[in-house]
Amino acid sequence: AGVSDVLDVAVVGYELAPSGVPSPPAPGSGSADTRLRDLGVSEGDVLALGPAGSEVTVVGFVSDTSYLLQGALWVAPETWREVLSASRPDATVGPGVFQGLVVRASGDAAAVAAAIDAATGGETSSLTKDEAVLSLPGTREQNSIFTALIGATLFVAGLVSALFFALLTLERRPMYATLKAVGAPSSRLVVGVVVQSVVVAAGAVALGGLITFGLSLVIPVEIPVQFVASRLTVSAALVVVTAAVGGLLTLRRIVRIDPATAIS
């Protein structure tokens, strides 16, 4: 990065390396998130951190470790304490002091957390992994908003599917009456409508996925995008199931079609 560049950086001091992060580097150096590399940081660059300009040399990159849309810089504990003391003297911590401790234990995580707090007389606030994620500022609110958006999207998808196939059934009423007149059961006609809705929904999901992937290649690097296979699979399945349910709403219309209308 250029001398005058200003970047948002979250400095993380650690002893226990999380997945994808190497062991703590030498004092005065750190591993930067690839988000910072996308913003112009290169290996060997020296970052001046905070108002005191504490210098840390970038010795490598790690991925998917940003913190609140800030590229993380993973450093040794002593480097973190030096940066913290220089930038925030009011928040200075002593040697060996950390702001968070990770406990790995077998059994029920919530029970282990409660036992730790009980053993310390309430001096600690222990959280499970999921609770810790939701305790990040704004994370719980973002989760609620996106859950509501997903629900609204599925509702609209089901409504559009139901309206489309209701109109299609109305248009094909003479054809369905003829088929029923020659012996086709209502169940077979309903299955045909549901299959059509599933095929249309699957095609829409595939097209939407391709468009989304294409957009992810051109949007600014400041906007975080991550594709998780499990989430994509669940989202696609929900859309297809919702479309199928929408198609099933035509069941009543098809069952009430009178084969005699084909003759008249």
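At 57% relative accessibility, Asp 64 counts as exposed. The model in which this value was computed is a predicted one. Asp 64 belongs to the loop that runs between strand 4 (54–62) and strand 5. Its backbone is worth a look, since most residues other than glycine have a negative phi. Asp 64 is not a glycine, yet it has a positive phi of about 60°.

As a general point, strands of a sheet pair through backbone hydrogen bonds, either parallel or antiparallel.

With strand 4 it runs parallel, and 5 bridges join the two. With strand 5, strand 2 pairs in the antiparallel sense, over 3 bridges. Gly 30 takes part on both sides: it stands opposite Val 58 in strand 4, and it also stands opposite Val 75 in strand 5. Ala 32 has Leu 73 opposite it in strand 5. Is strand 2 mostly covered or mostly open? Strand 2 is mostly covered, with 5 of its 5 residues buried.

Strand 3 pairs with strand 4 in the antiparallel sense over 4 bridges. In that pairing Ala 48 has Glu 55 of strand 4 as its bridge partner. The two strands form a hairpin with 4 residues between them, and in this hairpin Gly 50 takes a positive phi near 70°.

Across the whole structure, a search finds 4 aromatic pairs. In one of them, the rings of Tyr 14 and Trp 74 have centres 5.3 Å apart and planes at 80°, so this pair is edge-to-face. Tyr 14 lies in the loop between strand 1 (9–13) and strand 2 (29–33), while Trp 74 lies in strand 5 (residues 71–75), so the pair ties together parts that are 60 residues apart in sequence. Tyr 14 counts as buried because its relative accessibility is 5%. Trp 74 is buried too, with a relative accessible area of 11%.

A stacked geometry is found for Trp 80 and Phe 98, with 6.4 Å from centre to centre and 5° between the planes. Trp 80 sits in helix 2 (residues 77–87) and Phe 98 in the loop between helix 2 and helix 3 (109–119), so this pair ties together parts 18 residues apart in sequence. Trp 80 is buried, at a relative accessible area of 10%.

The charged end of Arg 81 sits over the ring of Phe 98, at 4.9 Å from its centre. Another arginine is placed over a ring as well: Arg 37 lies over the face of Phe 61, 5.2 Å from the ring centre. Helix 2 also contains Glu 78, which is partly exposed with a relative accessible area of 36%. Glu 78 and Phe 61 are 17 residues apart along the chain, and 20 Å separates their C-alpha atoms.

The last stop is a pocket. The second largest pocket has a volume of about 170 Å³. Which helices each supply at least two residues of its lining? They are helix 5 (139–171), helix 7 (186–216) and helix 8 (229–248). Helix 5 gives the largest share of the lining, 5 residues. The lining residues are Ala 157, Val 160, Ser 161, Phe 164, Phe 165, Ser 197, Val 200, Ala 201, Ala 204, Val 239 and Ala 243.

Definitions and conventions: Residues are numbered from 1 along each chain as its sequence is written. This is a predicted model: local features need pLDDT of at least 70, side-chain atom pairs count only at pLDDT 80 or more; totals for chains, interfaces and linings use all residues. Side-chain values use heavy atoms; hydrogens and water are left out. Rings of Phe, Tyr and Trp (its six-membered ring) pair if their centres lie within 6.5 Å; planes under 30 degrees apart count as stacked, over 60 as edge-to-face and the rest as tilted. Buried means under 20% relative accessible area, exposed over 50%, partly exposed in between (1.4 Å probe, protein chains only). A charge sits over a ring if NZ of Lys or CZ of Arg is within 6 Å of the ring centre and within 35 degrees of the ring normal. Two strands pair if DSSP finds at least two bridges between them. On a 1 Å grid over the protein atoms alone, a cavity is a set of points where a 1.4 Å probe fits but cannot get out, and a pocket is an open set with protein on both sides within 12 Å along at least five of seven lines; lining residues have an atom within 4 Å of a point. Grid points are joined across faces, edges and corners, and a volume is the space filled by probe spheres set on the points.
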